Structure formats: structure tokens, C-alpha cells
Amino acid sequence: VTKINLTGYGVKGTLHLFPFLSLPNLAELDLSTNELYGIIPPKISQLSKLTYLDLSFNQFSGQIPPEISHLVHLQTLHLAGNQLNGSIPREIGQLKFLTDLALCSNKLNGCIPASLGKLSQLVSLLLYNNSLSGPIPPELGNLRNLVEVYLDTNSLTGPIPSTFGNLRKLSVLSMFKNSLSGSIPSELGNMESLSEISLYHNNLSGLIPTSFGDLRHLTVARLYENKLSGPIPEEIGNLNSLVYLELSENQLNGSIPASLGSLSNLEILHLRDNRLSGSIPNEIGNLMKLIVLELDHNNLTGNLPQGICRGGSLENFTAADNQLTGPIPQGLKNCTSLKRVYLERNRLRGNLSEDLGVYPNLKFIELSDNEFYGEVSSNWGLCRSLWSLSIARNNLSGKIPAEIGNSRQIQRLDLSSNHLVGEIPKEIAKLISLLDLRLNGNQLSGSVPLELGLMSKLLYLDLSANQLSKSIPETIGNLSMSFYLNLSINQFSQRIPIQVGKLTRLFHLDLSHNMLSGEIPGEFQSLQSLETLNLSHNNLSGEIPASLEKLRGLYTVDISYNELQGPIPNCQAFLNASVQELGRNKGLCGNC
């Protein structure tokens, strides 16, 4: 017998129970993806003719036996996906014919032995997802036949060895999620076969080497979550094969190089969370295959490029938290491929009812904290995939269109702090998936539609600071999932509906600054999750229900500026309330 392949056969037990070790001519042994456990016995070294050994994806534990180095003909050693611990035996460096070494996804610790640099035939080195520590040995740069190196998800420290520049055949270099430091060596630009480099989530600093522009076969470059500084090299524009470029969460400064517009195959460009300045180059419009463009949290200025969606493939465009100005470009208005747009906290302006189109695939759009004006477009009702629409803190005017009710999938709607007028359309109740509704800070008038009670999934409702009047509808008691309800600073009158007591998940209730009258409902005793209660500046009368003593979670209460009288409930929130929070009532007393 020279070959045994039992991969995925559900084999159980320890290797001691099987007769494999007494087969002197065995050349290939594959027991991967089974339920084997226990240690790898040192006696495995008796299989002196073995060239292929795969014990991966079992439950082996203990250390890798150094006797494995006696398998002098071994070419492939796969021990991945077990529970092996201890250090990697330096004796493995004696396996001079080894081409494929996979020890990933174990619990191995200690340093990577420098002796691995003697494996001159090695093509694949997979050590990822362990607890390896210490520096990467420069001797690995002697492995000139290496095609892939995966050292990611460990605790490796120190610099990236400059000797890696000798690895001219290397296609994949993956060292993310370690604690590597120092600068990226310019010698990496000599790795002429490199197609993927992943160095993210480390402590690398200094400049991105201009020599990266020589990596003509590079398709993926992930350098995010480091401390890289300086400008993005113009030479990056030479990487014609590049598909994915991720430089986010660094300290890069300067302008976005126009040369990036030459990356004709680029699909993903992440530059967010840096210190980039200047305008977004118009050449970005030349990226015909671009799907994702993230520029958030920089210091970018100027207008958005007209041709930003020229290729018609752009799905995610985010440029929030910059200082961008000007209108939404025509290219974005016609970009029907869009799924996510985040442009909040800029200085963008323009008439939104004219500058935005119909986006059949759009799920999220965030335009808050800009200078947009115009009306809320009825076109939003045609965006049938929309989950979140936020245009808060702009200068929108006019009425909320009834067509908004056609966006049945929407879960978040925020039109707060604008200049909207008229009534809340009853059609808004068609948004049966809505979780978060914020219309506060407008000039909305009339009554709250009874249909609002049909929005049974609503968690957060803020209608404060409007001109809403008449009574608070009893149907509000149907919003049983709500944890936040704010109807303050309106013109609501009559009694507080007792149905509010059904909102047992509320932790914040604010009905202040209205014209509510009558007594505080005793049903409030059911609001056991309530932390904040504000009923101030109304015309409430009578005694505070003693049953409110049961609200043990209540932390803050304000009932000032009413006509309440009688004893204050023996509840910590009431007892701790200041004179201002209890004052201006008829005759409240602590020990009546």
C-alpha cells in the first residue's frame, strides 16, 4: 500500500488505533476532515517513504513531534485546523524537499523558527490564525520559490523583513492582524509576481513606498488600520491590474492623486478616516468599473466630480464628514446602480427635489447636516428597496408627500430639523417595517394621524418641536415595542391617554411643553422600564399617583410648571428631583 485517502470519512479515534504506522512503503496519507484526536505520535517518523501527510481539520492536540523531521522525503505537511499547541519545531527546517507547509488555525505559540529559511523548495507557507509571537525571521527571505505566505492573525511584532524583496515568485503576502511596526520596506516593490498584499490591522508607520508602483500584477492591496502617513504615492496609478485598494484608517495627508483615475480595473477604493485634503479629482470619473468609493472622515473640499458614476456600476458612495460644497452632480442623479450613499456633515447645497433621481436599488441614503433645500421628493416612494432615509438638519420646506408611504421596506426615516409644514400624512402608516421615525424640529401642524398606531414595529418616535395639536391619539398605545417617545414642545391638549401605560418598554417619555390637562394616569405604574419622565410645562392637575412609587428604574423626573398637588411619591427619582423639577405646582409636599 502506497496511498491512503480517508478524507471526510468520519474516522474517529487516535492514530495509535490504526495500522498505518506499520506500512513501510506508504507514500501518501490523507486523514483530513475527520474526528481524530489525541497527540500526533512520534512513531509517525517510521513512515520513512512518506511524501504527503495531511492530518488537517481534526481534533489533534499536544505538540508537533520534532521526530516529524525524520520524514526526509516529505513534500507536503498539512496539520491545519487542529488544537495543536507549543512552538513550531525548528527541526522542520530539515525537510529539504518540503514544498507545502500548512500549520494554520491551531494554538501554536512562540517564535517562527529561523530554520524554516532552509526550506529552499517551499512554495506555500500557511501559519495564520495561531498565537505566534516575536519577529518575522529575515531568513524567510531566502525562500525564493515561495508563492504564498500567510502569517496573519497572530501576535507577531517587529518590522517586515526587507529580505522579503527577494521573493520574486511570491503571489500572496498576508500578514494582517498582528502587531508589526516600523515602515513598509521599499524592497517589497521587487516582488514582481505579487498579486495580493494584506498588511492591515498592524502598527506600521511611515510612508507608502513609491516602489509599490512597480507591482504591475497587484490586484489587491489592503493597508488599512495602521499609522501610515504622508501622501498617497502618484506611482499607485501605475497598477493597471489593481481591483481593490484599501488605505483607510491611517494618517495619510495631501490630496488624492489624479493618477488613481488610470486604474482602469479598480472596483473598490477605500480612503476613509485619513487626513486627506483638496478636492476629489475629476479623474475618479474614469474608473469605469468602480463599485465602492469611500472617502469619509477626511478634510476634502470642493465639489463632487460630475462623472463620479460614469461607468454606471457605483453602488456604495460615502464621503461623510468632510467639507465638500456645491450640488449633487448630474452623474449621481442618474446613477441607478446606487445602494448606499452617505454624504452627511458636509456643506453640500442644492434643490433636492431636482438633484436626486429614482434609485431602484437604493437601501441607505444619509444627507443630514448639509445645506440642501427644496421639498421632500415624491420620488422616494419609487425607491422600493429603501431601508433608511435621513435628510435631517437641512433647509427642506413644503409638505411630507403622501407617496412616502410606498417605501414599504423603510426602517428609518429622519426628516428632523428642517422647515416642513402641513400635516403628517396618514399614508406614513403604510411603513409597517419602520423602526425609527424622527420628524422633530419642523413646523408640522394638525393632529397626529390615528393610523400611526398601526406601526407596531416602531422603536423610536420623535415628533417634538412642531405645531401639532388636538389630543394625543389613543392608538399610540399600540406602539408596544417603542422605547423612546418624545411629543414635547407642541400644542397637544386634553388628557394624557391612559393607553400610554401599555408602552412597557419605554425608557424615555417626554410630553413636556404642551397644553395637556387632567391627571397623570395611574396606568404609568406599568412603565417599569422608564428611566426618564418629563411632563413639565403643561396644565396637569390632581395628585401624583402613589402607584408611581413602583417605578424603581426611574432616574430623572420633571413635573414642574403644572397644577399638581398632594404628596410626592416615595420613589428615588422624585425624592432626588430638584426644586426646579418639582416647582411651580399648586401644593406638592414631601411629607403631607
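**Exercise 1. State which residues glutamine 491 touches, leaving out residues up to four places away in sequence, and describe its setting.**

*Solution.* Step 1. A contact requires heavy atoms within 4.5 Å. Not counting residues up to four places away in sequence, glutamine 491 touches Gln467, Leu468, Ser469, Lys470, Asn514 and Met515.

Step 2. The structure is a predicted model, in which local features need pLDDT of at least 70 and side-chain atom pairs count only at pLDDT 80 or more, while totals for chains, interfaces and linings use all residues. Residues are numbered from 1 along each chain as its sequence is written, and side-chain values use heavy atoms, with hydrogens and water left out.

Step 3. Glutamine 491 belongs to strand E42, residues 491-495. Helices (H or I, at least four residues) and strands (E, at least two) are DSSP runs, numbered from the N terminus.

Step 4. One of the contacts, methionine 515, is 24 residues away along the chain, and the C-alpha atoms of glutamine 491 and methionine 515 are separated by 5.9 Å.

Step 5. A residue is buried under 20% relative accessible area, exposed over 50%, and partly exposed in between (1.4 Å probe, protein chains only). With a relative accessible area of 38%, glutamine 491 is partly exposed.

**Exercise 2. Determine whether serine 377 is buried or exposed, and locate it in the chain.**

*Solution.* Step 1. Serine 377 is found in the loop between strand E32 (371-375) and strand E33 (388-390).

Step 2. The relative accessible area of serine 377 is 12%, so this residue is buried.

Step 3. When neighbours within four places in sequence are left aside, serine 377 is in contact with Ser353 and Pro401.

**Exercise 3. Find how many disulfides the structure contains, and examine the cysteines.**

*Solution.* Step 1. A disulfide is a covalent bond between the sulfur atoms of two cysteines. The criterion applied here is a pair of cysteine sulfur atoms within 2.5 Å.

Step 2. By this rule, the count is one disulfide. Cysteine 309 and cysteine 335 form a disulfide, with their sulfur atoms 2.0 Å apart.

Step 3. The pair links distant parts of the chain, 26 residues apart. Cysteine 309 is in the loop between strand E26 (299-302) and strand E27 (316-318), whereas cysteine 335 is in the loop between helix H1 (330-333) and strand E29 (340-342).

Step 4. The torsion about the S-S bond of cysteine 309 and cysteine 335 is about 60°, so the disulfide is right-handed.

Step 5. Cysteine 309 is buried at 9% relative accessibility, and cysteine 335 is buried at 1%.

Step 6. Cysteine 383 is in no disulfide, for the nearest cysteine sulfur, that of cysteine 335, is 13 Å away. Cysteine 383 counts as buried, at 0% relative accessibility.

Step 7. For cysteine 104, the closest cysteine sulfur is in cysteine 111, 19 Å away, which is too far for a bond. Cysteine 104 is also buried, at 4% relative accessibility.

**Exercise 4. Describe the secondary structure and the overall extent of the protein.**

*Solution.* Step 1. The secondary structure consists of four helices and 49 strands.

Step 2. The radius of gyration is taken over C-alpha atoms, and the globule rule is 2.2 Å times the number of residues to the power 0.38. The radius of gyration of the protein is 33 Å, well over the 25 Å that the rule gives for 592 residues, so the protein is more spread out than a compact globule.

Step 3. Along the principal axes, the C-alpha atoms fill a box of roughly 95 × 60 × 40 Å.

Step 4. Of the 592 residues in the protein, 53% are buried.
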